[in-house]
Amino acid sequence: MRLVAIDILGFTDAAMSHAGATGRFDKVNGHEPKNAPATGGLTAAVWTDRIIPVAARSGLDSVTAVVILNVRIYASAVSDPADAIDPDMVAAADDVVRAFIGDFTLGGTVCNVDVFGAHGQAHDVRAGYLTQDGAPFRVLTIWLPCVVNDLWEETP
């Protein structure tokens, strides 16, 4: 059996590329920001959240896993007009989710995106607020579950 390695750079790059291709972001980072993003427009960031083995997809000699990426969209929570913040962010999230579902394998780097949560929580978008460096941000976090087959060898 030929096992694969986690191509984390491959699918992080694919997620960043899809987000960037929407044209909605001033910047797309490949890491969770340690500092507040720029406050002029929308910023996106992509990073690994967790890796979970999947019993239902694993065989007798290899383990399949779901690698969860977070794709977070940031906007200043004090932008004007305030009524435009959520509509702009939801439109951007809609474009990003459409890109991920449209490229179900992230360019062949994963088996599939677990859109409906067959192996855990479904691909979704959650809204919230975050204060970073004293500045309030509105955030939408996209949960991107990526199924990777035959990742680790099981030995008796």
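Gly-10 sits in helix H1. Helices here are DSSP runs of H or I with at least four residues, strands are runs of E with at least two, and both are numbered from the N terminus. At 18% relative accessibility, Gly-10 counts as buried. Buried means under 20% relative accessible area, exposed means over 50%, and partly exposed lies in between, using a 1.4 Å probe and protein chains only. The C-alpha atoms of Gly-10 and Val-66 are separated by 15 Å, and the two residues are 56 apart along the chain.

A word on the model itself. The model is predicted: local features need pLDDT of at least 70, side-chain atom pairs count only at pLDDT 80 or more, and totals for chains, interfaces and linings use all residues. Residues are numbered from 1 along each chain as its sequence is written, and side-chain values use heavy atoms, with hydrogens and water left out.

Turn to helix H2. H2 covers residues 85–102, which is 18 residues. From first C-alpha to last, H2 reaches 26 Å, close to the 26 Å expected at 1.5 Å a residue. That expected span is 1.5 Å times one less than the number of residues. Which residues of H2 are buried? They are Ile-85, Met-89, Ala-92, Ala-93, Val-96, Val-97 and Phe-100. Seen down the axis of H2, these buried residues fall within an arc of 135 degrees, so they line one face of the helix. The arc is taken from the directions that run from the helix axis to the C-beta atoms. An α-helix has 3.6 residues a turn, so residues three or four places apart point the same way.

What do the buried residues of H2 pack against? Their partners are helix H1 (8–21) and strands E3 (62–76), E4 (112–113), E5 (124–132) and E6 (135–153). Contact here means heavy atoms within 4.5 Å.

Now the strands. Two strands pair if DSSP finds at least two bridges between them. E1 (residues 27–29) pairs with E2 (residues 43–54) in the parallel sense, over three bridges. Asn-29 has Ala-45 in E2 as its bridge partner. E2 and E3 run antiparallel and are joined by 11 bridges. In E3, Ala-65 is the bridge partner of Pro-53.

Next, the rings. Rings of Phe, Tyr and Trp (its six-membered ring) pair if their centres lie within 6.5 Å; planes under 30 degrees apart count as stacked, over 60 as edge-to-face, and the rest as tilted. The count by this rule is one aromatic pair. Tyr-74 and Phe-137 form it, edge-to-face, at 6.4 Å centre to centre and 85 degrees between the planes. Tyr-74 lies in strand E3 and Phe-137 in strand E6, so the pair ties together parts that are 63 residues apart in sequence. Both Tyr-74 and Phe-137 are buried.

Another ring carries a charge. The charged end of Arg-138 sits over the ring of Tyr-129, 4.5 Å from its centre. This requires NZ of Lys or CZ of Arg within 6 Å of the ring centre and within 35 degrees of the ring normal.

Last, the backbone. Most residues other than glycine have a negative phi, and most peptide bonds are trans. The bond from Asp-80 to Pro-81 is cis, with omega near -5 degrees. Pro-81 is in the loop between E3 and H2. Asp-133 has a positive phi, near 55 degrees. Asp-133 lies in the loop between E5 and E6 and is exposed, with a relative accessible area of 60%. Asp-150 has a positive phi too, near 50 degrees. Asp-150 is in strand E6 and counts as partly exposed at 26% relative accessibility.
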